[in-house]
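Q: Please take me through this model by asking, for each label put on it, which value stands behind the label and how that value compares with the definition.

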Amino acid sequence: MPKQAKTKKAIPIWRKEDRADHIYRVAAEVMCRKGYAATSMNDIADAVGLTKAGIYHYIRGKEQLLFEIMNFAMDMVDEDVVAPAREVTDPEERLHTIIDRHAKRILEVGGAVTILLEEMAALTPAHQRTIRNRKRAYFELVRQTLEQLAAEGKLRNVNPTVATFSLFGMILWISRWYRRDGDLAPQEVLRDFHEMALNAVLRTEGVRSTEKTVGPYLRK
């Protein structure tokens with residue numbers, strides 16, 4: 001008799017990628033949907049396909065989980081946005097890189113993790129300091145970029161600090177309104193967002209056409 005081929009057992013999605021990262025993403029979606037206070041560890045365990053005991057193998061508690069989600073979010077921003085931007089010498093091109101890469105990341109992976117960065121009050125004071133310092137480092141990169149543009153006469157007549165807060169508000173708000181299952185294509189959103197964000201802070205004569213200056217993500 002011919003040997004029957006073994007049927008491969010389906011691997012749960014959380015085994016296909018780093019387990020902790022998957023827990024952070026799914027937990028963020030659950031917390032955004034139900035609210036942080038109303039979300040239990042049982043809710044998160046059910047969502048990722050683990051027992052409550054199993055979830056505690058990775059996370060010690062809900063506050064620790066929230067802190068790890070925030071650190072995970074900042075790790076991704078550092079890797080996908082901050083590190084590439086620091087490699088760009090020209091401040092205008094650096095600004096393009098920051099806007100394109102951060103907006104694209106939210107459009108691609110969704111906004112749940114980004115939204116949870118606002119839950120700072122639920123963290124312990126020590127954890128708040130850690131996340132606040134990581135946010136501040138990113139903020140300073142953008143502000144210094146705008147200060148360089150001001151020195152070159154390319155920034156509108158606005159305070160670089162105010163402009164930095166405004167740019168972050170624009171970028172982070174994408175997580176609140178964009179739906180990956182909606183009618184707007186991500187490339188369309190990215191193109192229009194890029195145009196509006198740059199025109200918000202750069203002098204008109206300093207803003208080159210988006211068709212000529214788009215980053216690598218917009219050309220795809």
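Q: How do you know that the reach of helix 8 is close to what is expected at 1.5 Å a residue?
A: Helix 8 covers residues 125-151, 27 residues in number, and its first and last C-alpha atoms lie 37 Å apart, close to the expected 39 Å. The expected span is 1.5 Å times one less than the number of residues, and helices are DSSP runs of H or I with at least four residues, strands being E runs of at least two, numbered from the N terminus. This is a predicted model, in which local features need pLDDT of at least 70 and side-chain atom pairs count only at pLDDT 80 or more, whereas totals for chains, interfaces and linings use all residues. Residues are numbered from 1 along each chain as its sequence is written, and side-chain values use heavy atoms, with hydrogens and water left out.

Q: What makes glutamine 64 count as buried?
A: Glutamine 64, which is found in helix 5, has 14% relative accessibility and therefore counts as buried. Apart from neighbours within four places in sequence, glutamine 64 is in contact with Ile59 and His127, where contact means heavy atoms within 4.5 Å. The C-alpha atoms of glutamine 64 and histidine 127 are separated by 8.8 Å, although the two residues are 63 apart along the chain.

Q: Why is isoleucine 59 called buried, and which residues does it touch?
A: Isoleucine 59 has 2% relative accessibility and so counts as buried. It is found in the loop between helix 4 (52-55) and helix 5, and, not counting residues up to four places away in sequence, it touches Tyr24, Met41, Gln64 and Leu65.

Q: What makes the lining of the largest cavity nonpolar by class?
A: The lining consists of Leu95, Ile98, Ile99, Val142, Leu167, Phe168 and Ile171, which gives seven nonpolar, no polar and no charged residues. Ala, Val, Leu, Ile, Met, Phe, Trp, Tyr, Cys and Pro count as nonpolar, Asp, Glu, Lys and Arg as charged, and the others, Gly among them, as polar. Helix 6 (91-109) and helix 9 (160-177) each supply at least two residues of this lining. A cavity is a set of points on a 1 Å grid over the protein atoms alone where a 1.4 Å probe fits but cannot get out, and its lining residues have an atom within 4 Å of a point.

Conventions: 1 Å grid on protein atoms, 1.4 Å probe; cavity = no way out; pocket = protein on both sides within 12 Å on 5 of 7 lines; lining within 4 Å. Buried < 20%, exposed > 50% of the residue type's maximum accessible area, 1.4 Å probe, protein only.
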